[in-house]
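Let's take a walk through this structure together, one stop at a time. Have the sequence and the model side by side as you read.

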Amino acid sequence: MSSVHVLAAQALRLNRTAGAPPIPALYFFTDPERTPDPMAIARRLPRGTAVVYRHFGAKNRLAVARRLAGVARTRGLVLLIGADPDLACQVGAGVHWPERLAPAERGDAPLVTVAAHSREAAMRAGAIGDACILSPVFPTRSAAGRKPLGLFAASQIARAAPRPIIALGGVTAHTARLLSGRGFAGVAAVDAFLEA
């Protein structure tokens with residue numbers, strides 16, 4: 001079994017333990033530097049995985065979003081577009097909001113996730129999101145360079161948050177095991193999907 005499928009199984013267990021909220025348990029976050037070909041990764045993701053396309057203003061974002069939407073439909077994936085509800089609407093996707101760009105109101109996307117990097121932000125994310133992506137839980141090589149929350153602090157946030165919490169940051173098949181029984185409803189990653 002590939003490390004991605006192991007991670008998917010761990011994510012599903014977390015989701016079930018958290019009461020099986022109706023959200024994806026596993027999230028693949030694209031990154032222009034680390035995942036220059038998100039389609040190749042999306043084509044091998046397990047059914048039900050969410051793909052968060054972070055285009056960062058790329059000129060070809062509409063074409064890439066359309067291709068990802070096609071792969072998502074074919075493979076049974078869930079597509080979210082980073083910080084761009086208009087693009088999400090054009091391709092029939094949900095929206096993922098970075099913490100600093102999160103709006104005051106939800107909008108009409110079918111699925112909304114909101115990033116948070118602190119307890120306060122996770123509480124605010126619950127007002128508009130179906131789920132909160134909490135990061136970084138573990139040490140990561142992300143360009144954001146934030147100090148990891150650590151398992152204890154992240155677990156306290158996950159247990160107190162008004163919406164399901166997805167762990168991001170240093171999440172691998174190995175570290176995901178440490179999240180069991182700590183209030184998380186799933187996991188998200190970038191690098192873990194490069195190991196498949």
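A quick word on contact: two residues are in contact when they have heavy atoms within 4.5 Å. Keep in mind that this is a predicted model, where local features need pLDDT of at least 70 and side-chain atom pairs count only at pLDDT 80 or more, while totals for chains, interfaces and linings use all residues. Residues are numbered from 1 along each chain as its sequence is written, and side-chain values use heavy atoms, with hydrogens and water left out.

Let's start on the inside. Isoleucine 81, once you set aside neighbours within four places in sequence, is in contact with Tyr53, His55, Ala65, Leu87, Ala88, Val91, Ala93, Gly94, Val95 and His96. Ile81 also turns up among the residues with the most contacts inside the largest nonpolar core, along with Leu45, Leu79, Leu179 and Val187. A nonpolar core here is a set of buried Ala, Val, Leu, Ile, Met, Phe, Trp, Tyr and Cys residues joined through side-chain atoms within 4.5 Å. Buried means under 20% relative accessible area, exposed means over 50%, and partly exposed is in between, all with a 1.4 Å probe and protein chains only. That largest core has 56 residues, and its largest share, six residues, comes from H3.

Now for the charged pairs. A salt bridge is a side-chain nitrogen of Lys or Arg within 4 Å of a carboxyl oxygen of Asp or Glu, and by this rule there are five of them. One joins aspartate 31 and arginine 54, at 3.8 Å from N to O. Aspartate 31 sits in the loop between strand E1 (26-29) and helix H2 (38-42), and arginine 54 in the loop between strand E2 (50-53) and helix H3 (61-75), so this pair ties together parts 23 residues apart in sequence. Aspartate 31 counts as buried because its relative accessibility is 12%, whereas arginine 54, at 22%, is partly exposed.

Another salt bridge runs between aspartate 191 and arginine 34, with the closest N and O atoms 3.3 Å apart. This one links distant parts of the chain: aspartate 191 is in the segment after strand E8 (186-189) and arginine 34 in the loop between E1 and H2, 157 residues apart. Arginine 34 is buried at 17%, while aspartate 191 is partly exposed at 23%.

Next, have a look at serine 155 in helix H6 (residues 151-160). Is serine 155 buried or exposed? Its relative accessibility is 2%, so serine 155 counts as buried. Beyond its neighbours within four places in sequence, serine 155 is in contact with Arg182 and Phe184.

Our last stop is threonine 172, in the loop between strand E7 (165-167) and helix H7 (173-176). Threonine 172 is partly exposed, with a relative accessible area of 24%. Not counting residues up to four places away in sequence, threonine 172 touches Leu7, Gln10 and Ala192. Leucine 7 is 165 residues away from threonine 172 in sequence, yet their C-alpha atoms are 6.9 Å apart in space.

Conventions:
Helix = DSSP H or I, 4+ residues; strand = E, 2+ residues; numbered from the N terminus.
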